[in-house]
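Q: I would like to learn how to read a few features of a protein model. Could you walk me through them?

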Amino acid sequence: TCVGYEISAYSVWTEMQCLDNCLRHPYCDKYIFDRQENQTCKLLYTGDIASTPEVVRLTRVNGKCASKSAKVSV
């Protein structure tokens, strides 16, 4: 498991789409893909929250996640 701040969430069909969203987001370094919850993709930032550009009330989440360097089988 990992702990991070949810910086964005998407509804996707595959984990590959979730990984793609993470790669495109400048602050995403991990993501959580949940097949059971309507194919939900949560992008996470696990670094120092004070260093993000618009610090807002981001939700702190934890769960089984993958880094954007993870290999996804298609």
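**Reading charges and the core**

A: Buried means under 20%, exposed over 50%, and partly exposed in between (1.4 Å probe, protein chains only). This is a predicted model, where local features need pLDDT of at least 70 and side-chain atom pairs count only at pLDDT 80 or more, while totals for chains, interfaces and linings use all residues. Residues are numbered from 1 along each chain as its sequence is written, and side-chain values use heavy atoms, leaving out hydrogens and water.

Q: Which residue forms a salt bridge with Asp20?

A: A salt bridge is a side-chain nitrogen of Lys or Arg within 4 Å of a carboxyl oxygen of Asp or Glu. Here the partner is Arg24, with the closest N and O atoms 2.8 Å apart. Both residues lie in helix 1, four residues apart, about one turn of the helix. Helices (H or I, at least four residues) and strands (E, at least two) are DSSP runs, numbered from the N terminus. Arg24 counts as exposed, at 64% relative accessibility.

Q: How many salt bridges does the structure hold?

A: Two. Glu15 and Arg35 also meet in one, at 4.0 Å, N to O. This pair links distant parts of the chain, 20 residues apart: Glu15 is in helix 1, and Arg35 is in the loop between strand 2 and strand 3.

Q: Which residues make up the largest nonpolar core?

A: A nonpolar core is a set of buried Ala, Val, Leu, Ile, Met, Phe, Trp, Tyr and Cys residues joined through side-chain atoms within 4.5 Å. The largest one has ten residues, including Leu19, Phe33 and Leu43. Helix 1 gives the most to this core, with three residues.
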